[in-house]
Amino acid sequence: MLEEGVLALLRGHGEGHLSGEAMSRTLAVSRAAVWKAVEALRRDGYQITSAPNRGYRLAGGPDRIRAGELAGALAGRTVGRELVCLETVDSTNTEVKRRAAAGAAEGLAVLAEGQTAGRGRRGRSFQSLSGKGLYLSVLLRPAVSLAELSQLTAWTAVAVCRGIQSCCGAEPQIKWTNDILLNGKKLCGVLTELELEAESAAPSHVVVGLGVNVSQTAADFGPELADIATSLELEGFSVRRAELAGQILAALDDLYAAFPAGKADYLSDYRARCATTGREVLLLRGDAQVPAFAEAVDDDFGLVVRCPDGRRETEIGRAHVRTPVTYAALVCRL
Ligand code: BTN
């Protein structure tokens with residue numbers, strides 16, 4: 001839509017003015033069409049000033065997730081080259097899967113203001129209040145082995161931390177495998193889902209989904225979550241969700257360009273951010289919980305734990321695969 005193009009140009013121009021004529025040339029439309037798009041944006045709550053002989057300037061606007069807000073940050077990148085911004089959806093992961101099945105190209109990003117059936121790991125639901133968080137999923141089609149793919153979840157945790165940090169300066173940590181923490185509480189969850197070819201069991205595509213808590217209050221979380229979850233705003237960081245989305249998608253694109261050859265960089269950052277090592281953990285073995293001590297992250301992002309009898313074991317993080325696999329889950333006492 002033309003509004004998105006005009007918004008992208010104005011956003012990319014920062015504090016400066018941009019003439020209607022320059023926009024009409026860039027977008028290959030008439031000046032009247034540009035004016036109409038400006039009016040539509042104003043009706044959507046954007047403060048766009050205009051000055052004779054200078055043109056239009058974006059002075060402010062609502063905190064909305066829309067393509068025009070993100071296009072500048074993602075120009076020329078693979079991740080985000082197709083942006084689908086929805087008001088509401090059942091789950092952005094599910095929407096990407098539907099579009100992948102219909103042949104969508106890698107890099108597709110689906111974002112939503114809210115989700116009605118946000119999904120977490122191990123079949124849990126993910127609270128997705130409209131306008132309060134960032135809910136996005138990306139379609140990747142990496143041509144790598146299953147073993148390499150199993151490390152994508154850990155890489156993603158690093159990329160999301162980097163995106164958050166470059167947006168607002170917060171320094172998130174990672175609870176193994178891929179919960180993102182701020183000041184010891186959960187700020188963001190990552191759900192990586194892998195689809196295999198039915199015949200060959202070769203990887204077909206991966207959906208990387210993440211939900212960041214942006215402006216929830218303790219009351220929004222409710223008594224069940226308030227002690228363990230936090231939002232950027234609760235920790236003193238006020239961010240525009242569109243800016244955060246742009247930074248995280250750019251960080252995911254950097255990841256995709258580096259995967260898997262650039263492992264050393266992601267591994268050292270993962271180790272530096274890992275809040276699990278040096279702590280007691282509970283290993284979930286079926287319904288039982290086995291205490292252990294988390295010693296280190298090994299070269300494949302596995303968690304090396306020491307059991308009470310002195311034995312060392314390595315826990316392996318995995319993407320959620322749509323063929324039955326069993327794996328140990330792990331809860332960290334924080
Ligand atoms: C977890 O903490 O267990 C993972 C939560 C992942 C939530 C995100 S929100 C966007 C995407 N869509 C979903 O349905 N889930 C992921």
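This is a predicted model: local features need pLDDT of at least 70, side-chain atom pairs count only at pLDDT 80 or more; totals for chains, interfaces and linings use all residues.
Student: Where do α7 and α9 lie, and at what angle do they cross?
Tutor: Helix α7 covers residues 152–168 and helix α9 residues 241–258. Axes are lines fitted to C-alpha atoms over the stretch in contact, with angles from 0 to 180 degrees between N-to-C directions; helices are DSSP runs (H or I) of at least four residues, and strands (E) of at least two, numbered from the N terminus.

Student: Which residues make the contact?
Tutor: On α7 they include Trp 155, Ala 159 and Ile 164, and on α9 they include Leu 244, Ile 248 and Leu 255 (contact means heavy atoms within 4.5 Å).

Student: And how do α4 and α9 cross?
Tutor: Helix α4, residues 67–74, has an axis that comes within 9 Å of that of α9, crossing at roughly 35°. This crossing is right-handed. The contact is made by Glu 69, Leu 70, Ala 73 and Leu 74 of α4 with Ala 242, Ala 245, Gly 246, Leu 249 and Ala 250 of α9.

Student: New topic: how many residues surround the ligand?
Tutor: There are 18, each with a heavy atom within 4 Å of it. The closest are Ser 91, Gln 115, Arg 119, Arg 121 and Lys 186.

Student: Which atoms of Ser 91 and the ligand lie 2.7 Å apart?
Tutor: A polar side-chain atom of Ser 91 and an oxygen atom of the ligand. A side-chain N or O atom of Gln 115 lies 2.9 Å from a nitrogen atom of the ligand, and a polar backbone atom of Arg 121 is 2.8 Å from a ligand oxygen atom. Pairs of N or O atoms count here within 3.5 Å.

Student: Which residues does a cis peptide bond join?
Tutor: One joins Trp 176 and Thr 177, with omega about 5°; Thr 177 is in the loop between β6 (173–175) and β7 (179–182). Another joins Phe 259 and Pro 260, with omega about 0°, and Pro 260 lies in the loop between α9 and α10 (263–273).

Notes: Residues are numbered from 1 along each chain as its sequence is written. Side-chain values use heavy atoms; hydrogens and water are left out. A polar contact is a pair of N or O atoms within 3.5 Å; within protein, one must be able to donate a hydrogen and the other to accept it, and residues adjacent in sequence count only if both atoms are side-chain atoms. A crossing is left-handed if the near helix is turned anticlockwise from the far one by less than a right angle, and right-handed if clockwise.
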